[in-house]
Amino acid sequence: MFIQIAPRVKVYVTESQMDFIRSHSTGSFRSTDLQPEDMEIAKNLADKAVFVRKKLDIGVQYALNKRIK
């Protein structure tokens with residue numbers, strides 16, 4: 001499945017990644033709240049610009065990119 005992150009820019013996400021996006025789309029969350037396998041999914045989606053990340057003293061905070069359609 002493709003997600004449009006900007007005009008004329010789309011990225012491919014798998015079904016498991018899409019389920020992760022749906023479950024965490026309501027607000028921000030921290031990497032310390034995730035399971036180890038979910039941390040990898042969040043990092044991968046942040047590399048694809050689906051999530052934005054903010055480095056904290058302890059861990060990383062993720063939030064859904066507001067430009068996602």
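**Overview of the chain**

Analyst: This is a predicted model. Of the 69 residues in the protein chain, 29% are buried.

User: How does the radius of gyration fit a compact globule?

Analyst: A compact globule of 69 residues would have a value near 11 Å, and the protein chain has 12 Å, so the two agree. Along the principal axes, the C-alpha atoms fill a box of roughly 35 × 20 × 20 Å.

User: Now the elements, please. How many helices and strands are there?

Analyst: The protein chain has 2 helices and 5 strands. Starting at the N terminus, their order is β-β-α-β-α-β-β.

User: Which strands form the open sheet?

Analyst: The sheet has 3 strands in the order S3-S5-S4, with antiparallel pairing. Strands S3 (29-30) and S4 (51-55) stand at the edges with a single partner strand each, so one side of each has no neighbour in the sheet.

User: What holds paired strands together in general?

Analyst: Strands of a sheet pair through backbone hydrogen bonds.

User: And how many bridges join S3 and S5?

Analyst: S3 pairs with S5 (residues 60-64) over 2 bridges, in the antiparallel sense. Phe 29 has Tyr 62 in S5 as its bridge partner.

User: Which strands does helix H2 touch?

Analyst: Helix H2 (residues 36-47) packs on the sheet and touches S3, S4 and S5. The direction of H2 makes about 105° with that of S4.

Terms used:
Residues numbered from 1 in each chain as written. Predicted model: local features only at pLDDT ≥ 70, side-chain atom pairs only at ≥ 80, totals over all residues. Heavy atoms only, no water. Pairing = 2+ DSSP bridges. Helix = DSSP H or I, 4+ residues; strand = E, 2+ residues; numbered from the N terminus. Contact = heavy atoms within 4.5 Å. Axes fitted to C-alpha atoms, helices over the stretch in contact; angles between N-to-C directions. Rg over C-alpha atoms; globule rule 2.2 N^0.38 Å. Buried < 20%, exposed > 50% of the residue type's maximum accessible area, 1.4 Å probe, protein only.
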